[in-house]
Amino acid sequence: MQTWSSVAVPRIPGTPRPLRLHDTATGQLRPTAPGPVARMYVCGITPYDATHLGHAATYLAFDLVHRLWLDAGHEVHYVQNVTDIDDPLLERAERDQDDWVVLGMRETALFREDMEALRVLPPRDYIGAVETIPEIVEAIGKLLAHGAAYRVDDPQYPDVYFDRSYTGRFGYESGYDEATMATLFAERGGDPDRPGKRDPLDALLWRAARPDEPAWDSELGPGRPGWHIECSAIALNRLGTGFDVQGGGSDLAFPHHEFSAAHAEALAGGHPFARHYVHAGMIGLGGEKMSKSKGNLVFVSRLRADGVDPAAIRLALFAGHYRSDRPWTGALLTEAQARLERWREAVSLTAGPEADSVVARLRDHLTDDLDTPRALATVDAWVTEALRRDGTDNAAPALIRTTTDALLGVAL
């Protein structure tokens, strides 16, 4: 699958810092410790609607991770999937009398345009579930052979399920108790009441073909993959186990990340699947989480069509900490647009206050679990001094411009 165009990330002077991130599995803030190549997998979209600000907030958070690793001198192997076959996509296509393939391609193309406009650095591997079906079938076959998967006793629809007890570690990634897992599984695409399952929480691996649904012939019989196994197969075959970060929105911690880790660990025998599980908070509108099911969405493409500078969208989303659930408001965007104007005015000056210490503080804040509110406040303080004409360092404005570009992805 085609990714989007990248932008050059400038090098900046000074000493980089090691990146620390909150790990959901341990509940601790821990340093990432990549080798020469930092490895990251971030779960991608199910392309049945346009990119909303909840998506944008997640991908901007991991764009910062990408940039901070580059600043520290690492090569970054970033992988992202596209769930271009799944129930929500088929349901939307049926509702709108659309072809599910065309719908998926159209929304994936719009997502790429939005990411490029927001200056999100692209993944090295951008992989759709459909193009990965041979890998998924092979993985499910291995799980069946290991005894980690089973078929339900249903002659008509012999679906394949994962036995969640297989690894003996199920639940370590999210840390949720049984009652919470049961509730979230039912709410987030699970099928606890499917007859024939060994455990209500066992997750679907292969859905046997149903009438009027897309299906692929395979050694498993005609059908299509479940949701979680695609990320297991894609990540294992490109990053292996023990990669540095698996990321996504906080609503993916369970069941999606829990099961993708369990599938992968059952396949590879290694633990953990990822060294950090990192989750971004939800963006709300009108007091509720922004989601397609609620229809309370603000689309990146709509803001762009209205003439909003994508740099202002970045700044608005960076005004809150990436792990916090936070609201989107018109006032937030207005403040970000004003901030962007002030920053651009300040870096256009011929001189300003010294900036080396600003660069150092920006690195300190951003490598401390992506503390963007403090990072923005640091630049704001420099800008306030510069606009008072307090400073005679001719190199400072250019250094601030380069640094906000490299570390925050904000072009001034």
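**View 1. Which residues do ring pairs link into a cluster?** In this predicted model, the cluster is made of Phe162, Phe170, Tyr176, Phe185, Phe254 and Phe259.

**View 2. Trp4 and Tyr126 form an edge-to-face pair.** Searching the whole structure turns up 13 aromatic pairs. Here the ring centres of Trp4 and Tyr126 lie 5.4 Å apart, and the pair counts as edge-to-face because the planes are at 80 degrees, over the 60-degree cut-off. Trp4 comes from the segment before strand 1 (20-23), while Tyr126 belongs to strand 5 (residues 125-128), so this pair joins parts of the chain that are 122 residues apart. Both Trp4 and Tyr126 are buried.

**View 3. A charge meets a ring at Arg210 and Tyr157.** The charged end of Arg210 sits over the Tyr157 ring, 4.1 Å from the ring's centre.

**View 4. Leu317 sits in the largest nonpolar core.** This core holds 76 residues, and Leu53, Leu317, Trp328, Leu370 and Trp382 have the most contacts inside it. Helix 1 (residues 53-71) gives the most to the core, with eleven residues. Leaving aside residues up to four places away in sequence, Leu317 touches Leu53, Ala56, Ala57, Leu60, Ile283, Arg326 and Trp328.

**View 5. Another core lies apart from the largest one.** This core has 42 residues, including Trp206, Leu220, Ala264 and Tyr277.

Note on methods:
Residues are numbered from 1 along each chain as its sequence is written. This is a predicted model: local features need pLDDT of at least 70, side-chain atom pairs count only at pLDDT 80 or more; totals for chains, interfaces and linings use all residues. Side-chain values use heavy atoms; hydrogens and water are left out. Rings of Phe, Tyr and Trp (its six-membered ring) pair if their centres lie within 6.5 Å; planes under 30 degrees apart count as stacked, over 60 as edge-to-face and the rest as tilted. Helices (H or I, at least four residues) and strands (E, at least two) are DSSP runs, numbered from the N terminus. Buried means under 20% relative accessible area, exposed over 50%, partly exposed in between (1.4 Å probe, protein chains only). A charge sits over a ring if NZ of Lys or CZ of Arg is within 6 Å of the ring centre and within 35 degrees of the ring normal. A nonpolar core is a set of buried Ala, Val, Leu, Ile, Met, Phe, Trp, Tyr and Cys residues joined through side-chain atoms within 4.5 Å. Contact means heavy atoms within 4.5 Å.
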